[in-house]
Amino acid sequence: KGRILGVQFLTLFTDNLYERICQHAVTLAQRIREGFVKKGYRVAIDSPTNQQFFRLPNEVIDRLKQEASFELWGPRGATETVVRFVTGWSTTDEDVDRLIAML
């Protein structure tokens, strides 16, 4: 089992594959951040990673959860709640565009 795991890591660290995959996710997460901020939503946690955290009104959360995948970051507040959006290697520019358009 250890050898198979090692082969996976060897592949990821060959030719900067891991960094390229991560950079894609981080770049798209930053686009999400910019889109939310432009629409007037507040950043809850400053994150330079592929995870972005926002304070959203509960009515926006209820509308977005019909179309987008994200999670509440803690208990639901009376009027607003912190949510977390995460991008990954399979997230596309079109995914980000659709999310921003939903705002």
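This is a predicted model: local features need pLDDT of at least 70, side-chain atom pairs count only at pLDDT 80 or more; totals for chains, interfaces and linings use all residues.

Q: Which element holds Glu71?
A: Glu71 is in strand E3, residues 71–72. Helices (H or I, at least four residues) and strands (E, at least two) are DSSP runs, numbered from the N terminus.

Q: What does Glu71 touch?
A: Not counting residues up to four places away in sequence, Glu71 touches Val82, Val83 and Arg84. Contact here means heavy atoms within 4.5 Å. The C-alpha atoms of Glu71 and Val82 are separated by 8.7 Å, and the two residues are 11 residues apart along the chain.

Q: And Leu72, which residues is that one in contact with?
A: Leu72 also lies in strand E3. Leaving aside neighbours within four places in sequence, Leu72 is in contact with Ile61, Thr81, Val82 and Val83. From Leu72 to Ile61, 11 residues apart along the chain, the C-alpha separation is 8.9 Å. Leu72 is partly exposed, at a relative accessible area of 38%.

Q: Changing topic: how many residues does H2 have?
A: Helix H2 covers residues 17–38 and has 22 residues. From its first C-alpha to its last, H2 reaches 32 Å, close to the 32 Å expected at 1.5 Å a residue. The expected span of a helix is 1.5 Å times one less than its number of residues.

Q: Which residues of H2 are buried?
A: The buried residues of H2 are Ala25, Leu28, Ala29, Ile32, Gly35 and Phe36. They lie on the same side of H2, because they cover an arc of only 115 degrees around the axis. The arc is that of the directions from the helix axis to the C-beta atoms.

Q: Why do residues three or four places apart point the same way in an α-helix?
A: An α-helix has 3.6 residues a turn, so residues with that spacing point the same way.

Q: What covers the buried residues of H2?
A: The cover includes strand E2 (51–57), strand E4 (80–86) and helix H4 (93–102).

Q: What is on the other side of H2?
A: Glu19, Arg20 and Lys38 are exposed there. Lys38 has a relative accessible area of 74%. Lys38 and Ile100 are 62 residues apart in sequence and 9.7 Å apart in space, C-alpha to C-alpha.

Q: Ile100 is new to me. Which residues of H4 are buried?
A: In H4, Val96, Leu99 and Ile100 are buried. Their arc around the axis is only 95 degrees, which puts them on the same side of H4. Among what covers the buried residues of H4 are H2, helix H3 (58–64) and E4.

Q: Now the largest pocket: what volume does it have?
A: The volume of the largest pocket is about 280 Å³. On a 1 Å grid over the protein atoms alone, a pocket is an open set of points where a 1.4 Å probe fits, with protein on both sides within 12 Å along at least five of seven lines; lining residues have an atom within 4 Å of a point. Grid points are joined across faces, edges and corners, and a volume is the space filled by probe spheres set on the points.

Q: Which residues lie nearest its centre?
A: Of the 16 residues that line the largest pocket, Ile32, Ser69, Phe85, Val86 and Leu99 lie nearest its centre. E4 and H4 are the elements that give two or more residues to the lining. H4 gives the largest share, five residues.

Q: One last topic: where is Asp15?
A: Asp15 is in the loop between helix H1 (2–12) and H2. Asp15 is exposed, at 64% relative accessibility, and has a positive phi of about 55 degrees although it is not a glycine. Most residues other than glycine have a negative phi. Asn16, in that loop between H1 and H2, has a positive phi of about 60 degrees and is not a glycine either.

Note on methods: Residues are numbered from 1 along each chain as its sequence is written. Side-chain values use heavy atoms; hydrogens and water are left out. Buried means under 20% relative accessible area, exposed over 50%, partly exposed in between (1.4 Å probe, protein chains only).
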